[in-house]
Amino acid sequence: MQILTIDESIDLTVPVGVAYNQWTQFESFPRFATVVKEVNQIRPNLSHWVIGVGPWRHEFDAEIVDQLPDSLVAWRSLDRRFKHGGEAVFRPVDPENSTLTVRLQIEPHGLPGIISQVPGLAQRVVQGELRQFKEFIESVGQEGGAWRGVIRNGHVHPSEPEPPRSRVPRWPVG
């Protein structure tokens, strides 16, 4: 079985933080991604996706494996029939511009596998979705929300450090 690898980049005329913040709003993907029909965020590191083209629909859960604000979102599907994983890498070009690179690895199985094996089709779909994201975020000019937490190896880390403990000495209890 041959794994399909896709690597596509697009330049954005928004700051890296704006692009990253919008990307982390998974439930907004149907607003710009034509193959994404619905996304439900279950937990910070788990989401449920419905994708489709024409009459074909497929549902799967995806786990965020690594996430670092303004830099990276890496995921893997938890579906046995449509195994895929990938990462979105965000890089600042200057204070007002950024680059988004999406890398996907798809293991072809069933109908999604057959579709992914049509020469160039999956790559064209990813290119089109990136163009739609670019048009969406540049036309709005700001993110519609943000999740700035860190995920390492699938484990969510607090986005805010714990406040320091009180330095007041303990009073004697008597």
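## Aromatic cluster, strand pairing and core

Ring pairs link Tyr20, Trp23, Phe26, Phe29, Phe32, Trp49, Phe60, Phe90, Phe133 and Phe136 into a cluster. The model is predicted. Its aromatic pairs number 11.

**Aromatic pairs**

- A pair of aromatic rings is described by two quantities, the distance of the centres and the angle of the planes.
- The count of aromatic pairs is 11. One of them joins tyrosine 20 to phenylalanine 90, with the ring centres 5.5 Å apart and 85 degrees between the planes. That geometry is edge-to-face, because an angle over 60 degrees falls in that class.
- Tyrosine 20 sits in helix α1 (residues 16–23) and phenylalanine 90 in strand β6 (residues 84–94), so this pair ties together parts 70 residues apart in sequence.
- Tyrosine 20 and phenylalanine 90 are both buried.
- Tryptophan 49 and phenylalanine 60 form a stacked pair, at 6.5 Å centre to centre and 5 degrees between the planes. The angle counts as stacked because it is under 30 degrees.
- Tryptophan 49 belongs to strand β3 (residues 46–53) and phenylalanine 60 to strand β4 (residues 56–68), so the pair ties together parts 11 residues apart in sequence.
- Are tryptophan 49 and phenylalanine 60 buried or exposed? Tryptophan 49 has 11% relative accessibility, so it counts as buried. Phenylalanine 60 is buried as well, with a relative accessible area of 6%. The cut-off for buried is under 20%.

**Strand β7 and its partners**

- Strand β7 spans residues 97–106 and is mostly covered, with seven of its 10 residues buried.
- Strand β1 (residues 4–12) runs antiparallel to β7, and nine bridges join the two. Aspartate 11 stands opposite threonine 99 in β7.
- Strand β6 also pairs with β7 in the antiparallel sense, over 10 bridges. Here alanine 88 faces valine 102 of β7 as its opposite residue.
- How many residues link β6 to β7 in their hairpin? The hairpin runs through two residues.
- In a regular strand, side chains alternate between the two faces of the sheet.

**Nonpolar core**

- The largest nonpolar core holds 37 residues. Trp23, Phe90, Leu100 and Val102 have the most contacts inside this core.
- Helix α3 (residues 121–140) supplies the largest share of the core, six residues.
- Phenylalanine 90 takes part in the edge-to-face pair with tyrosine 20. Leaving out residues up to four places away in sequence, phenylalanine 90 touches Val16, Ala19, Tyr20, Trp23, Asp70, Ser71, Leu72, Val73, Thr99 and Leu100.
- Trp23 and Leu100, both among the core residues with the most contacts, are also on that contact list.

**Histidine 84 and isoleucine 106**

- Histidine 84 lies in strand β6. At 12% relative accessibility, histidine 84 counts as buried.
- Histidine 84 touches Phe60, Trp75, Arg76, Ser77, Gln105 and Ile106, not counting residues up to four places away in sequence. Phe60 is the stacking partner of tryptophan 49.
- Isoleucine 106 lies in strand β7. Its relative accessible area is 8%, so isoleucine 106 is buried.
- Serine 77 and isoleucine 106 are 29 residues apart along the chain, and their C-alpha atoms are separated by 9.8 Å. Both residues touch histidine 84.

Definitions and conventions
Residues are numbered from 1 along each chain as its sequence is written. This is a predicted model: local features need pLDDT of at least 70, side-chain atom pairs count only at pLDDT 80 or more; totals for chains, interfaces and linings use all residues. Side-chain values use heavy atoms; hydrogens and water are left out. Rings of Phe, Tyr and Trp (its six-membered ring) pair if their centres lie within 6.5 Å; planes under 30 degrees apart count as stacked, over 60 as edge-to-face and the rest as tilted. Helices (H or I, at least four residues) and strands (E, at least two) are DSSP runs, numbered from the N terminus. Buried means under 20% relative accessible area, exposed over 50%, partly exposed in between (1.4 Å probe, protein chains only). Two strands pair if DSSP finds at least two bridges between them. A nonpolar core is a set of buried Ala, Val, Leu, Ile, Met, Phe, Trp, Tyr and Cys residues joined through side-chain atoms within 4.5 Å. Contact means heavy atoms within 4.5 Å.
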